[in-house]
Amino acid sequence: MKKLINRQAGPVGRWALGLLPFVILAVLYLVASDARLDANPNDKLLPSLSSFSDAIERMAFEPSKRSGEYTLLVDTLASLQRLGIGVAISALIGLVVGIATGSLPLFRAGISPLVTGMSLVPPLAILPILFIIFGLGELAKVMLIIIGITPFLIRDLQQRAEEIPTEQIIKMQTLGANTWQIITRLVWPQIMPRLLSSVRLSLGSAWLFLIAAEAIAATEGLGYRIFLVRRYLAMDVILPYVAWITFLAFAIDFALKRYSQWRYPWFHGAQ
Amino acid sequence: MAAIEIKNLWKEYGQDVVLERLNASVEEGEFVTVVGASGCGKTTFLKMMLGTESPTRGQLLLDGKPIPDEPDETRGIVFQRYSVLPHLTAVENVMLAGELESSRWLGRVFGGKRRALREQAEEMLASVGLDHALGKYPHELSGGMQQRLALAQALIKKPRILLLDEPFGALDPGIRRDMHELVLDLWRKQDLTVFMITHDLAEGFFLGTRMWVFDKERLDPQTPGSYGARITYDLPVGNSDKGTLQSITQSVDSTARVLGA
Ligand SMILES: Nc1ncnc2c1ncn2[C@@H]1O[C@H](COP(=O)(O)OP(=O)(O)OP(=O)(O)O)[C@@H](O)[C@H]1O
Ligand SMILES: [Mg+2]
């Protein structure tokens, strides 16, 4: 028999091994939930499957009695819009500043210390300031995401721009390129796939800041809903919402990865 | 007047003397092969020609004026690696120089102009034997094909001076010989001045018009940095005998041992 370190799972085995922990967790949950509901039918901590499906039915597929809208849909759209705007603006700032500081030494000397300093400020600590300056509206929530992830994106992209081999920058000059052309034809196209992977890395923090901002001041949104129903210990709503957020995060990550592989084959082929 | 004049050229990094008292002049259209022990300063010399390093003493003149201290289109280069742009296909890599020239802002051209550039690029790629790989990205090409692509990319710009830093060092000897044929062929057609560094002494003996050996005349085994390398042999290619090759080989080998220790 081969050493353990050399043994690989086959295609079927890999799926089975991957699913196994999920199945175990689900079974454990059902057993624990049954036991608690047996002892106290009104227990709220570990709801049964039927109360989950009731809650999902109510939140996702029936118009809300108060507003006539589908709650889950409204929450999802509101959150995705904030996340999308926040991440898009951060990516744009990260791209522009990262390319400038990564490829132009004079910019780097001027801007890098500021960015480094800003990246050390804990974003949640200045959330109150944001609410004071921008009010409780959409802007403050988007700003929190931007402030939270932009310094990381700038620094990551600056590093990626600096990693472009000097040989290629020299090569461009021997082909007659000026500084602007070196940026538009060499640095920018090579940074784009790296931007996508930095954005994928920063999405976790972006969700964190979004949910934190929504928990404090919002009238709809996935984070708002979770913190709202927490008051009634409504685990039957909270857990499906968490699962839904997880699924959204996974789907966005997967889509970005696939897009990058399709759009930048040279980047993924050379790795 | 010679195109390139080297007058009492020194290059030092702090205490370490890399090159000292280089003197030579090179005519337009010469093909100079540079050989020497590893670490004796061949690349450093090429970098001064390119303008990314500057001499610490002496002068390096192009047409009587100091050579520009940043890379530009008069001097093309092929490095040992990373010479082609990984995000462009073979034909795009070769079209790049033309695009950069016709569009100062966008660096891209469209329509009829683009078709013309593409045709030229395809012709150039055919002359280096890459006509079957037009749409491939560099990572899909072998090492030899990548270097041929780099040659095509550099030559389509028609530089006055072509600098080659062991461009074929990583290739099999057989392929390397083919590549040398290719370089010589392109050089004859395009009327350039070529400086080519190679590791293989015997190779330098049969390539181009002139061979320079970089070597340390004085060698201090304790502190090899205290004296720099000079051009110890400046030979016309084609009429040197076996004895010379042997004595050069011995001298370069002993320098290599000290520098490598
Ligand atoms: N930026 C630098 N700072 C300090 N020393 C340097 C620098 N660049 C090169 N050197 C030194 O200069 C010497 C010559 O280096 P160079 O790269 O020119 O050698 P080479 O002849 O091209 O060697 P090889 O055949 O291995 O490529 C080496 O001892 C190296 O350590
Ligand atoms: Mg070298």
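Modeller: A quick definition to start: pLDDT is the predictor's confidence in each residue, on a scale from 0 to 100. You'll want that because this is a predicted model.

On to the pocket. The largest one holds about 610 Å³ of space. Its lining takes in 21 residues, and those nearest the centre are Met59(A), Ser64(A), Arg66(A), Thr71(A) and Arg225(A). The biggest share is from α9(A), with four residues.

Now for confidence. The complex as a whole gets an ipTM of 0.88 and a pTM of 0.85 from the predictor. For chain B, the mean pLDDT is 86, with 96% of residues at 70 or more. Within chain B, helix α2 (residues 90–102) has the highest confidence at 94, while helix α7 (residues 242–260) has the lowest, at a mean of 74.

While you're in chain B, look at helix α4 (residues 143–155) and helix α5 (residues 173–190): their axes come within 12 Å and cross at roughly 10 degrees. That angle is why α4(B) counts as roughly parallel to α5(B). On the α4(B) side the contact uses Gly144(B), Gln147(B), Arg148(B), Leu151(B) and Leu155(B), and α5(B) answers with Met179(B), Leu182(B), Val183(B), Leu186(B) and Gln190(B). Sorted by type, the residues of this contact are six nonpolar, three polar and one charged.

Methods
Residues numbered from 1 in each chain as written. Chains lettered and ligands numbered in written order. Predicted model: local features only at pLDDT ≥ 70, side-chain atom pairs only at ≥ 80, totals over all residues. Heavy atoms only, no water. Axes fitted to C-alpha atoms, helices over the stretch in contact; angles between N-to-C directions. Helix = DSSP H or I, 4+ residues; strand = E, 2+ residues; numbered from the N terminus. Parallel < 35°, antiparallel > 145°, perpendicular 65-115°, else oblique. Contact = heavy atoms within 4.5 Å. Nonpolar A, V, L, I, M, F, W, Y, C, P; charged D, E, K, R; others polar. 1 Å grid on protein atoms, 1.4 Å probe; cavity = no way out; pocket = protein on both sides within 12 Å on 5 of 7 lines; lining within 4 Å. Points joined across faces, edges and corners; volume = space filled by probe spheres on them.
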